[in-house]
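Biologist: Please put the model up, and then I will ask about the ligand shell and the strands.

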Amino acid sequence: MVATDKLSNEEFQASYLYNPDSLSNLDWNSVKNRLSPLVTNEQPGEDYFLVRPLMIDDFEKGYLQLLSQLTVVGNVTKADFEAQFKKMQKAGAYFVTVVEDIRHSKIIASATLVTELKFIHQCSERARLEDVVVNNTYRGKQLGKLIVLTVTLLAKKLGCYKMSLDCKDPLIPFYQSLGYTLEPGNSNSMMLRYESKL
Ligand SMILES: CC(=O)SCCNC(=O)CCNC(=O)[C@H](O)C(C)(C)COP(=O)(O)OP(=O)(O)OC[C@H]1O[C@@H](n2cnc3c(N)ncnc32)[C@H](O)[C@@H]1OP(=O)(O)O
């Protein structure tokens, strides 16, 4: 575990997957009618909820246990986690954003924004939403909406020209309530699966 009180400011910043300042001044005005009551990443509804980038010591805070409520995680060791974290950090395109319940030092929600550089659209950048999950004992309290809107607004702030996602049919209304649409003739998701480790 990273003993953050003993770290220099530089080391502390390096323990974040991406710069936490990126999460300041998101355009919540543009989505405030999608939440009732209004919550934001800076005022997430409870003073013990903290919305922030993934940190390297979140392995200790149950991050992978949370992901296992979404899909198969496999036998990922702490060393595996840290190596993958550092690769993502170096790539600079991974904005894994979490909610921590600071009372229990536990990660209770997560969503990933991945950005992709393009030559098209005047060398622009597009965004994808991945791996959205809220701990099952915290569901139904708008945390899903909060974490998805946080990364959606972050993509806007970063200058992405669009953001897309894949989801199962029952979740379509959830994402529609957050502004995502099924574009006629342009909303199919196709798959070719390779042999996986699991
Ligand atoms: C792009 C992707 O990653 S898709 C994968 C999405 N993740 C999963 O399926 C993992 C398991 N599910 C979860 O973690 C959660 O149920 C989430 C993230 C989908 C929603 O989190 P919550 O914190 O419960 O959502 P929140 O309280 O903000 O919103 C609840 C709304 O979403 C709807 N909703 C939530 N989960 C579901 C679901 N599985 N199916 C249909 N509707 C749902 C609720 O009906 C509710 O609608 P309302 O506002 O009209 O009452």
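Modeller: A residue counts as near a molecule if its C-beta atom, placed from the backbone, lies within 6 Å of it. Strands are DSSP runs numbered from the N terminus, and the model is predicted.

Biologist: Which strand gives the most to the shell around the ligand?

Modeller: Strand 4 (125–134) and helix 5 (143–158) each supply at least two residues of that shell. With 6 residues, the largest contribution is that of strand 4.

Biologist: How many residues of the shell around the ligand are nonpolar?

Modeller: There are 20 residues around the ligand, and V132, V134, R139, G144 and K145 come nearest. By class, the shell has 5 charged residues, 4 polar ones and, as nonpolar, 11.

Biologist: Which residue of strand 2 is the bridge partner of V51?

Modeller: Strand 1 (residues 49–53) pairs with strand 2 in the antiparallel sense, over 5 bridges. Within strand 2, the partner of V51 is V99.

Biologist: In the hairpin of strand 2 and strand 3, which residue takes a positive phi?

Modeller: Strand 2 and strand 3 (residues 106–117) run antiparallel and are joined by 8 bridges, with Y94 opposite V114. The hairpin has 4 residues between the strands, and the positive phi, near 50 degrees, belongs to S105.

Definitions and conventions:
Residues numbered from 1 in each chain as written. Predicted model: local features only at pLDDT ≥ 70, side-chain atom pairs only at ≥ 80, totals over all residues. Nonpolar A, V, L, I, M, F, W, Y, C, P; charged D, E, K, R; others polar. Pairing = 2+ DSSP bridges.
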